[in-house]
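Visitor: Hello! Could you walk me through this structure, one question at a time?

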Amino acid sequence: MLVRPKGTKDMLPEEAYRWQYIEKIARETAEAFAFREIRTPVFEYTELFSRGVGDTSDIVNKEMYTFLDKGNRSITLRPEGTAGVARAFLENGLAGGAMPFKAYYLISAFRYERPQAGRLREFHQFGAELYGADGAYADAEAISLADAFLKNLGLKQVKLRLNSIGCAHCRAKYHEALKNYFAPHLDEMCSDCKARFEKNPMRMLDCKEEGCKRFTAGAPKMLDYLCNDCKTHFGKVKELLGASGIAYEIDPSIVRGLDYYSRTVFEFVTSAAGAQGTVLGGGRYDTLLSEIGGKNVPAVGFAAGMERLLMVMDAENAPFDREKTTDCYLLGMDERSREKAFTLARELRRAGVSAETDLMTRSVKAQFKYADKAGARFVAVLGEAELTEGAAEVKDMKTSSSEKIKFGELAQYLLQRR
Ligand code: HAM
């Protein structure tokens, strides 16, 4: 038997409806904040991610699905959504339109990671990006949208962790301090950290190796190195969140795994679903658009992992919409009734009723069994007598009561009761 590639997941119908529910809440929440949907390609030229996401990130260094296409161009399956949205914004001249530009997306993304619960090689994200506003209101708006989304899903145990990683100006001083701190321990740290030491020492704080973690705990904190502008900006973000009743915890260990961030960074975390505790992450990224060839456009955004959200919703017993099932199963007792059931089903569907009928020439008993399994709300029975009368015997599968309903009135009857 052929099997799916490692790190991928099949979304079977019984799970897909829960997925659709999360997507519905995502759309409704984003649209309430006046964000509009954007769709960009699943693959992009590799350079977009090496320049955008950054060549000191694990994503670019180790995790990208990159290949040469038949035209010898280096192509990468998107490892995240932000760089593609930024490219689309610049390429389509949206910088000349109304600002701020606010867009959301529901996408699949690909990272060659070691698969485990909540960590896949093909995964899905709900993300949102806001361009053109450099003030703290935009950071607070993005966080507020993320918070509203998680609350609208009914999640209660997810906590917001907040940090500021400053701007290029104050981070240079911080990198100096980190290098001074780590230099005496470097021999005992992993080879990745040795490379990070040279290229981007802040990334050392994110190392998952136990041997490195014992040094990172006592490292200098970025918050102590913020310049006045970054300090004021962060103060205003905190003030706006406080005024909106959005609880947060300052967490200096949040540096994020992508290179493009500056100033505010945040993660929504939970301990409800085991190891992969971060369900949503984001922050400000004021240099990405100029980095990929555009002009300076300040930006802030976030993305949430759909698979992790599903796990957390299960762990928290959060409510889902009821799964949609057939409104009416049309049961034909003989060939002529089966034909009538077939054409009647079309009429019902046109009226907005979901209807199905026998496609396997089953016995009456087997059809009832199928209708029950499929969760049909009603079963309309058609036999010789019903064809003569022009009315079906409609059984309410909840109460087991039944009534005769004229064919012409069936749609109305079902619409009122389903
Ligand atoms: P990220 O933190 O890399 O940020 O990913 C965001 C979320 O995607 C994570 O919190 C997690 O829930 C989910 N995720 C990431 N990798 C995996 C995986 N291998 N398997 C399952 N879920 C995963 C970004 O992607 C940024 N583009 C977010 C952003 C948007 N920043 C600004 N705008």
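**A guided walk**

Guide: Gladly! Let's begin with a pairing of strands: the bridge partner of Arg161 in β8 is Glu249. Keep in mind that this is a predicted model.

Visitor: In which sense do β7 and β8 pair, and over how many bridges?
Guide: The strand β8 covers residues 249-250. Its pairing with β7 is in the parallel sense, and the number of bridges is two.

Visitor: Which residue stands opposite Arg161 in β9?
Guide: Strand β7 covers residues 159-164 and strand β9 residues 264-269; they run antiparallel and are joined by six bridges. Within β9, the residue opposite Arg161 is Glu267.

Visitor: Which residue is the bridge partner of Tyr45 in β4?
Guide: Strand β4 spans residues 74-77 and pairs with β2 in the antiparallel sense, over three bridges. In β4, the partner of Tyr45 is Ile75.

Visitor: Let's turn to the ligand. Which residues come nearest to it?
Guide: Around the ligand there are 26 residues. By class, this shell has eleven nonpolar, eight polar and seven charged residues. The ones that come nearest are Glu80, Thr82, Glu113, Glu129 and Tyr261.

Visitor: How far is a polar side-chain atom of Thr82 from a nitrogen atom of the ligand?
Guide: Let's look at some oxygen atoms of the ligand on the way. A polar side-chain atom of Gln125 lies 3.0 Å from an oxygen atom of the ligand, and a polar backbone atom of Gly305 is 3.1 Å from an oxygen atom of the ligand. For Thr82 and the nitrogen atom, the distance is 2.8 Å.

Visitor: How much of the area that the ligand exposes when taken alone does the protein bury?
Guide: Taken alone, the ligand exposes 660 Å². With the protein around it, the buried part of that is 96%.

Visitor: Which element gives the most to the shell around the ligand?
Guide: The elements that give two or more residues are β6 (122-131), β10 (278-284) and β11 (299-305). The one that gives the most, with five residues, is β10.

Visitor: What kind of aromatic pair do Tyr174 and Tyr225 form?
Guide: The structure holds 16 aromatic pairs. In the pair of Tyr174 and Tyr225, the centres are 5.5 Å apart and the planes are at 50°. Planes under 30 degrees apart count as stacked and over 60 as edge-to-face, so the rest are called tilted. The pair of Tyr174 and Tyr225 is therefore tilted.

Visitor: Why does this pair tie together parts that are apart in sequence?
Guide: Tyr174 lies in helix α6 (residues 168-182). Tyr225 is in the loop between α8 (210-216) and α9 (228-243), so the pair ties together parts whose separation in sequence is 51 residues.

Visitor: In which loop is Pro100 found?
Guide: The peptide bond from Met99 to Pro100 is cis, with omega near 0°. Pro100 is found in the loop between α4 (82-91) and β5 (101-110).

Visitor: And what phi does Ala34 have?
Guide: Ala34 is found in the loop between α1 (13-32) and β1 (36-37). Although Ala34 is not a glycine, its phi is positive, at about 65°.

Conventions
Residues numbered from 1 in each chain as written. Predicted model: local features only at pLDDT ≥ 70, side-chain atom pairs only at ≥ 80, totals over all residues. Heavy atoms only, no water. Near = heavy atom within 4 Å. Polar contact = N/O pair within 3.5 Å; in protein donor to acceptor, adjacent residues only side chain to side chain. Areas by Shrake-Rupley, 256 points an atom, 1.4 Å probe, with all protein chains shown as cover. Helix = DSSP H or I, 4+ residues; strand = E, 2+ residues; numbered from the N terminus. Nonpolar A, V, L, I, M, F, W, Y, C, P; charged D, E, K, R; others polar. Pairing = 2+ DSSP bridges. Phe/Tyr/Trp six-rings, centres within 6.5 Å; stacked < 30°, edge-to-face > 60°.
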